[in-house]
Amino acid sequence: MITLVANLKGGTGKSTVAFNLALWLMKRDDKVAVCDLDPQATLRDAIELREEEGIAPSLKVIDELPQRTTGEIIVDVGTSNMIGVHEAIRRAQQIIVPVAPSQADVWATQRFIELVKEHAGRRIPRMRAFVNRADPHPRSRENREAVEVLTALPHIEVLSARLTQRLVFRRSFSEGLAVFELERSGKGAAELDKLGREVYQA
Ligand SMILES: Nc1ncnc2c1ncn2[C@@H]1O[C@H](COP(=O)(O)OP(=O)(O)OP(=O)(O)O)[C@@H](O)[C@H]1O
Ligand SMILES: [Mg+2]
């Protein structure tokens with residue numbers, strides 16, 4: 001299955017989420033490849049860092065989406081490659097949209113839904129949003145309002161999983177390690193596990 005992690009807004013955590021979800025799937029023994037269509041290639045950099053450090057398992061990177069897919073493919077793409085965004089929308093079976101709890105992010109999500117409708121062809125892929133970089137405060141108004149507005153949007157479901165703004169997610173990407181490899185029983189690992197289960201219905 002092709003899972004696209006995307007949003008029109010930059011810095012919402014697309015690459016961090018794609019990287020961690022791919023390693024989460026590998027932990028489950030799934031066959032996984034990641035496709036980095038972003039010219040910034042940050043996802044590829046994190047995977048290369050992993051290789052250089054000799055960290056196992058290594059993640060397979062592919063340059064383009066294959067005509068036939070076996071196993072799981074996670075695609076990371078941003079607005080600097082709109083042709084890639086359009087192709088990935090056409091090919092994806094599901095789209096996961098990380099949204100930071102801010103008005104600008106929610107607006108960008110609304111526009112992204114329009115873009116998906118425009119480029120998806122006959123069947124709109126299943127679209128699900130979740131709050132990333134969530135305010136750590138348990139009763140945060142920003143988190144609550146983001147969920148409320150996302151819930152009201154058409155064509156997109158809101159996952160109950162969320163990833164809080166945590167140092168472990170930042171370290172994860174910069175060190176080439178999944179959050180559960182950095183802190184096996186940490187809160188970040190538990191949040192990723194919940195997200196992975198919801199996304200892949202495990
Ligand atoms: N849950 C989180 N907690 C803390 N930091 C996070 C979290 N998610 C992402 N980040 C940090 O936010 C920054 C942006 O993340 P990332 O590069 O994954 O976003 P992106 O959407 O891929 O960005 P771009 O649009 O530039 O491709 C990075 O510094 C990353 O470490
Ligand atoms: Mg990115």
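## Helix 1

The expected span of a helix is 1.5 Å times one less than its number of residues. Helices here are DSSP runs of H or I with at least four residues, strands are runs of E with at least two, and both are numbered from the N terminus. This is a predicted model, in which local features need pLDDT of at least 70 and side-chain atom pairs count only at pLDDT 80 or more, while totals for chains, interfaces and linings use all residues. Residues are numbered from 1 along each chain as its sequence is written, chains are lettered from A and ligands numbered from 1 in the order in which they are written, and side-chain values use heavy atoms, with hydrogens and water left out.

Helix 1 is mostly covered, with 13 of the 14 residues buried. Buried means under 20% relative accessible area, exposed means over 50%, and partly exposed is in between (1.4 Å probe, protein chains only). Just after the helix, D29 takes a positive phi of about 75°.

## Around ligand 1

Ligand 1 has 16 residues around it, and the closest are K14, S15, T16, N132 and R166. To count as near, a residue needs a heavy atom within 4 Å of the ligand. By class, that shell has one nonpolar, ten polar and five charged residues. Here Ala, Val, Leu, Ile, Met, Phe, Trp, Tyr, Cys and Pro count as nonpolar, Asp, Glu, Lys and Arg as charged, and the others, Gly among them, as polar.

Now for the side chains that touch oxygen atoms of the ligand. For Q40, an N or O atom of the side chain is 3.3 Å from a ligand oxygen. A polar contact is a pair of N or O atoms within 3.5 Å. The elements giving two or more residues to the shell are helix 1 (14-27) and helix 6 (167-175). Helix 1 supplies the largest share, three residues.

## Helix 5

Helix 5 (residues 141-152) has twelve residues and reaches 17 Å from first C-alpha to last, close to the 16 Å expected. Its buried residues are N143, A146 and L150. Seen down the helix axis, they fall within an arc of 65°, so they line one face of helix 5. The arc is that of the directions from the helix axis to the C-beta atoms. On the face turned away from that buried side sit the exposed residues R141, T151 and A152.

Terms used: Polar contact = N/O pair within 3.5 Å; in protein donor to acceptor, adjacent residues only side chain to side chain.
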